[in-house]
Amino acid sequence: MKKILLSVAAVVAAAYSALAVAIVPQPQSIDKHQNAFVLLPSTTLVCASEEFAPLAAYLQEYIPVKYISKVAPKRNYVALSLVEGYDKEAYTLSVSRDRVEISASDYGGAFNGIQTLLQLLPSEVYTKQMSLPAVVRGCDVTDKPKFAYRGFMLDVARTFMTKENVLRYIDYIAYHKINKFHWHLTDNQGWRIEIKSHPDLAKKGGFRGDGSLLRPSLGRWTDIYGGYYTQEDIREVVAYAAVRNIEVIPEVDLPGHSEALLRVYPEMLCDYTNDELDINGNYDNRNVVCATKESNYKILEEILAEVCALFPSPFFHIGGDEVRMEQWKKCPNCSAWLKKRGYTDGYKLEDMFISRIQDILAKYGKTPAVWNEAAFGGGLDKSARVHGWKSPKVCKQVMMKGYPTIFMPQQFFYFDMAQSKREAGASWGGCFDVRKVYSFDFAKEGFTPEEVACVEGFEAPYWSEVFLSQGGDKNIDFIEYQTFPRLCALAELGWGKNGGNEWEEFHKRLYSRHYDRMADMGLNFRITPPTVKYEGGKLSIEKIDNGTIYYRTDDSEKIYKYSGAIATDKPGKYAFWCEYRGLKSPEVAHSSRYKTLQPNVKVTSSMPEDPKYGYDGVSTYKKRVMTACTCKKGDWILFEFDEPIVCRQAEFYTGRYNVPSGLIRVGYLEISEDGVNFERVADLNYGIAKVVNPRPIKAARIVAERDVVGSSKVWIGAPILYPKW
Ligand code: TNX
């Protein structure tokens with residue numbers, strides 16, 4: 001007995017020195033005491049309320065106490081108490097020597113209290129294998145969220161994600177008190193939900209690649225790939241999320257972004273012959289549902305009714321973004337509809353379409369949510385929830401029109417964007433890391449406090465076009481890397497930034513405590529790279545996060561631990577990174593590492609050039625150029641230099657940067673020293689070929705080994721040539 005007491009005392013002492021209370025998102029108020037609760041195998045979990053019973057079971061997965069009781073013993077218990085008088089999702093958490101008590105008036109409040117409790121425990125709790133005794137710092141927490149909607153969106157249409165991976169994601173976001181999961185289930189590139197009355201939608205629309213009905217767009221087309229969720233799967237996800245206080249909001253993206261639906265049901269297209277078929281393969285690339293065909297509303301009702309029945313959420317996201325209006329304008333019936341009413345603006349027709357869908361949804365008890373474009377026509381019903389993605393300004397505009405508005409401007413919250421210039425990810429919405437997400441500030445964006453009070457909440461999407469070229473569902477690490485810790489900042493914003501507005505304070509909470517939690521959750525989150533300074537012939541490196549700095553040079557495969565400034569006259573030779581618990585930050589280096597040669601270059605090809613993006617453009621080293629057609633097996637692109645180029649690395653690009661499209665999927669790179677005899681040196685990887693320490697290059701040639709179907713043009717980039725040291 002004495003021994004146990006001693007070890008408990010030791011644990012308590014250790015806990016006091018090590019445990020700064022650093023909760024993410026920061027609670028509204030937290031009073032620390034000079035005592036602690038010690039969780040033991042004999043601790044009882046007390047839960048008298050039926051409503052909270054799933055929470056007791058949930059908590060038991062993390063804290064290995066065996067007993068659940070409806071009545072509290074004298075001491076040594078953790079209680080979940082249903083008490084009147086708390087606001088929605090609000091809770092108090094009280095930790096004293098005798099007990100831990102979480103009190104709330106609703107399920108969400110108690111769930112939020114549990115998340116705070118987990119964060120007061122050693123981070124090991126997230127492995128579900130925490131050893132006891134474990135110490136909880138004595139404190140009183142009073143807390144509630146500022147915003148009712150704290151969301152995350154996952155695009156499973158561009159890249160399918162298995163049900164298991166979706167469930168894992170739900171855990172990750174729940175740990176951060178995110179309470180909405182917006183599930184982007186359909187898009188041009190895939191239909192991911194079983195519809196029993198229209199089984200082909202998922203069976204055919206859920207797959208793309210060679211010979212399938214869908215255009216094999218976004219990068220991979222050497223085989224058929226994709227997937228969908230059965231209705232059983234969907235129910236499982238919804239139930240799993242509900243236990244974790246997460247409402248799942250389905251999205252069926254209409255009337256644009258509907259290529260998958262329209263390949264399965266071409267009769268839903270507008271009545272005109274498409275004269276812009278995707279060359280090679282004759283894929284019809286139209287993606288807008290005809291708004292004036294009465295029969296379409298019948299099919300849509302059959303589909304939507306099934307989806308409505310699967311999701312208890314009162315909201316149903318019906319898309320409304322990026323409708324390619326020219327398709328309606330070419331349609332005799334849609335254009336006549338506009339003309340008859342004296343409209344030229346396609347958004348007026350979108351208003352009509354959305355209001356028809358709204359009527360359908362109303363029959364099934366649902367309110368529509370839409371992307372901001374659907375609010376542009378002026379006719380959208382005021383009950384519709386609008387997801388503002390274009391910019392903070394557009395968010396404000398729709399909010400001022402009276403729509404409940406979710407803030408998700410791309411410049412702050414699109415987690416598919418790369419986090420720095422040389423990392424993978426999209427770039428059209430900017431390039432930013434967690435610090436920028438955290439910096440979102442209503443006042444800076446011109447909002448008054450009264451206006452802020454009307455904001456419903458925040459959401460961050462992960463759009464998955466880029467995911468595919470990073471390995472897709474087999475490399476779930478990539479989405480995690482893109483999402484965390486950026487999502488921590490989103491959670492903080494949604495909760496109300498109770499830590500104030502200080503980046504340093506929030507950042508410290510992250511690296512001092514929360515990184516350990518995320519590591520134990522099993523998340524592959526991004527470590528911030530160190531900074532590099534070169535002064536007086538010395539390279540000095542400073543870390544930003546916790547961790548150890550390593551480096552390598554171009555001379556060998558060896559990895560070194562950084563232990564002080566490095567004297568060198570070739571600073572660019574060194575690449576540094578920071579490692580923490582097995583995770584690696586992106587590499588950083590002195591700017592001279594990225595200097596490139598830009599010799600005169602001439603591009604020719606077996607494929608004709610696009611008149612607007614002619615091959616000449618390559619020689620500016622600023623523009624990408626484009627072919628006028630897709631490529632066939634044997635097609636080539638030739639780069640010729642005036643003199644043989646001596647370099648330490650050469651890279652040749654096809655495709656749109658980052659997004660895997662418009663590229664030569666299967667092919668290789670040949671180089672030639674004399675411009676006559678070529679040697680094959682590398683295969684294309686998602687359109688890109690690299691060669692290290694090549695012979696002098698007089699000419700380089702990319703050769704396609706398969707016909708490209710799936711994109712109608714090939715993009716060509718300027719070669720990237722790194723000089724010898
Ligand atoms: C824009 S945001 C889209 C998506 C893309 C995303 C890529 C929105 C409503 N539409 O279809 O996936 O950009 O970042």
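This is a predicted model: local features need pLDDT of at least 70, side-chain atom pairs count only at pLDDT 80 or more; totals for chains, interfaces and linings use all residues.
Modeller: Residues are numbered from 1 along each chain as its sequence is written, and side-chain values use heavy atoms, with hydrogens and water left out.

Colleague: Why is E89 called buried?

Modeller: Buried means under 20% relative accessible area, exposed over 50%, and partly exposed in between, with a 1.4 Å probe and protein chains only. E89 has 9% relative accessibility and therefore counts as buried.

Colleague: Why does K128 count as partly exposed?

Modeller: Its relative accessibility is 38%, so K128 falls in the class of partly exposed residues.

Colleague: What is the phi of E89, a residue other than glycine?

Modeller: Phi of E89 is near 65 degrees, a positive value. K128, which is not a glycine either, has a positive phi of about 65 degrees. Most residues other than glycine have a negative phi, and most peptide bonds are trans.

Colleague: Where are E89 and K128 placed?

Modeller: Helices (H or I, at least four residues) and strands (E, at least two) are DSSP runs, numbered from the N terminus. E89 is in the loop between β4 (77-82) and β5 (91-95), and K128 is in the loop between α3 and β7.

Colleague: What is the omega of the peptide bond from L132 to P133?

Modeller: Omega is near 5 degrees, and this bond is cis. P133 is located in the loop between α3 (107-120) and β7 (134-143). The bond from L254 to P255 is cis, with omega near -15 degrees, and P255 lies between β14 (247-254) and α7 (259-264), in the loop.
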